[in-house]
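Dear colleague,

I am handing over the structure below, together with some notes on what turned up when I went through it. Please have it open beside you as you read.

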Amino acid sequence: MKIGIIGSGYVGLVTGVCFAHLGNEVLCVDNDLKKIALLKKGISPIYEPGLEEMIRSNLQKGQIHFSSHIDDAVKKCEVLFICVNTPPKDRGEADLSFVENVAREIATRLRQYRLIVEKSTVPVQTGERIYQTICEMKAKTTLFDVASNPEFLREGSAIHDFLNPDRIILGVSTPKAEKILRKLYEPLMAKIVVTDLKSAELIKHASNSFLATKISFVNALARICDASGANIDMVTEGMGLDPRIGASFLRPGIGFGGFCFPKDLMAFLRISEKMGIPFNLLREVLDINEDQKRFFVKKIENHLWNLRDKTLGVLGLSFKPNTDDIRFAPSLDIIGELLKEGVKIQAYDPKASGHFKKQFKDIRYVKNPYEAAKHADALVILTEWDEFKTLDMKRIKKIMKHAIVFDGRNIFDPVLMKRSGFQYFSIGR
Ligand code: UGA
């Protein structure tokens with residue numbers, strides 16, 4: 001099939017590359033000229049394992065193309081995926097102006113049937129608005145359908161997740177739209193759930209909200225473990241064996257970040273408030289998430305006493321491993337708080353230092369974990385990159401001023417760390 005991707009950000013690029021990989025001819029559009037110029041050369045503007053290699057191989061095979069003109073996509077492609085940004089406005093509401101602009105741009109160019117698919121995360125009823133907007137622009141209703149096909153990929157494993165989905169949600173309003181999308185996804189041989197448009201939109205917000213609720217639940221529980229002397233690993237193991245609860249997404253830490261959970265929860269809360277049925281549980285989930293970062297900073301303060309002029313080695317800045325993304329990363333707030341207290345920070349991240357540098361200039365960015373640990377009063381782990389799990393801890397102990405580790409991601413075994421002579425503080429154990 002000929003597929004147009006409007007908006008070549010995280011979701012758009014991964015979607016486009018994966019559809020190309022499945023044998024479709026894909027045209028990715030973006031109004032950022034610099035980004036398109038890079039992509040045409042086979043350079044990915046974001047770090048995501050495997051993405052750049054797939055862009056290059058599909059460029060070579062002629063399966064993927066890049067353009068800054070939406071015209072090309074509407075003219076050539078039967079299926080158009082809207083993958084533009086839906087950033088949060090001041091009060092957390094999703095800004096849908098980019099989505100509306102794309103709908104208008106498509107409407108003015110409609111000459112033959114096009115299936116317009118929302119892929120960006122949008123509030124319930126957005127599809128209906130897109131449909132009305134296109135109708136108001138005098139497009140014939142036989143010339144288009146609007147569908148919702150939310151994406152569930154995770155950063156860091158995006159390509160694997162796209163190609164191996166747990167389920168594919170097709171929110172459609174006509175049999176024709178369903179037929180086209182079923183054919184497109186056929187090669188993945190995945191479980192397909194067909195719904196109406198609004199239910200598909202809600203599935204996305206509900207799924208992210210539920211996952212974030214699990215994380216805040218386990219983080220609040222970890223604080224109770226800390227205060228009472230219980231062990232969160234044992235508690236979650238005991239809980240997770242009940243299949244109704246499940247063991248996944250119960251890792252305690254320093255709170256969830258990234259451009260999905262915080263933004264989507266705020267947007268969902270705002271929609272529910274607008275409908276007059278405020279989903280207050282989500283407000284609490286967000287509050288616990290904020291508290292969790294302060295709880296971690298307090299833990300550091302409690303043990304180091306005065307922070308002024310102390311040197312902290314920080315390992316990890318991205319909001320999770322295998323990405324250079326720092327949007328809403330807990331590291332931003334935690335490091336911001338620590339700097340306010342007058343600490344000196346020497347930080348290492350395998351991929352995210354470049355982005356972090358733009359916001360925090362008063363940090364020494366170093367080239368490896370050992371440089372971060374050198375002469376440090378304590379080591380602070382903020383992201384669970386694999387390379388941190390296999391560090392030579394004997395060497396780390398030797399080069400630190402004091403052998404103290406604050407592990408915000410529970411990557412080490414507390415017993416082994418103590419045996420190796422570290423004062424080791426983790427979350428909930
Ligand atoms: C999330 C969802 O998992 C995807 O299904 C969804 O498609 C995506 O948002 C989106 O809406 O686009 P992502 O934000 O990439 O994906 O990353 P996750 O792996 O879900 O992690 C989110 C945050 O939760 C990270 O900060 C992570 O450290 C934290 N987390 C996750 C925990 O603290 N504990 C856990 O047990 C799991």
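Is Asn410 buried or exposed? With a relative accessible area of 15%, Asn410 is buried, because the limit for that term is under 20%. Please keep in mind throughout that this is a predicted model.

Asn410 sits in the loop between β13 (404-407) and α18 (414-419), and its phi is positive, at about 50 degrees, although Asn410 is not a glycine. Asn322 also has a positive phi, near 65 degrees, and is likewise a residue other than glycine; its place is in the loop between β9 (311-315) and α13 (330-340). Asn322, however, is partly exposed, with a relative accessible area of 35%.

Now to the ligand. There are 19 residues around it, and the closest are Phe152, Leu153, Glu155, Lys204 and Asn208. By type, the residues of this shell divide into nine nonpolar, two polar and eight charged. Domain 1 (2-195) and domain 2 (231-425) each provide at least three residues of the shell, while the helices α9 (197-228) and α11 (261-274) each supply at least two, with α9 giving the most, namely three residues.

Finally, the aromatic rings, for which the count comes to 13 pairs. One of them joins Phe19 and Phe162 edge-to-face, with 5.3 Å from centre to centre and 90 degrees between the planes. Phe19 lies in helix α1 (residues 10-21) and Phe162 in helix α7 (residues 158-163), so this pair ties together parts that are 143 residues apart in sequence. Both Phe19 and Phe162 are buried, and together with Phe81 and Tyr185 they form one aromatic cluster.

Another edge-to-face pair is made by Phe249 and Phe261, at 6.2 Å centre to centre and with 70 degrees between the planes. Phe249 belongs to the loop between α10 (232-240) and α11, whereas Phe261 belongs to helix α11, the two being 12 residues apart. Phe249 counts as partly exposed, at 29% relative accessibility, but Phe261 is buried, with a relative accessible area of 13%.

With kind regards

Definitions and conventions. Residues are numbered from 1 along each chain as its sequence is written. This is a predicted model: local features need pLDDT of at least 70, side-chain atom pairs count only at pLDDT 80 or more; totals for chains, interfaces and linings use all residues. Side-chain values use heavy atoms; hydrogens and water are left out. A residue is near a molecule or strand if one of its heavy atoms lies within 4 Å of it. Helices (H or I, at least four residues) and strands (E, at least two) are DSSP runs, numbered from the N terminus. Ala, Val, Leu, Ile, Met, Phe, Trp, Tyr, Cys and Pro count as nonpolar, Asp, Glu, Lys and Arg as charged, and the others, Gly among them, as polar. Domain bounds come from an automatic or database domain assignment. Buried means under 20% relative accessible area, exposed over 50%, partly exposed in between (1.4 Å probe, protein chains only). Rings of Phe, Tyr and Trp (its six-membered ring) pair if their centres lie within 6.5 Å; planes under 30 degrees apart count as stacked, over 60 as edge-to-face and the rest as tilted.
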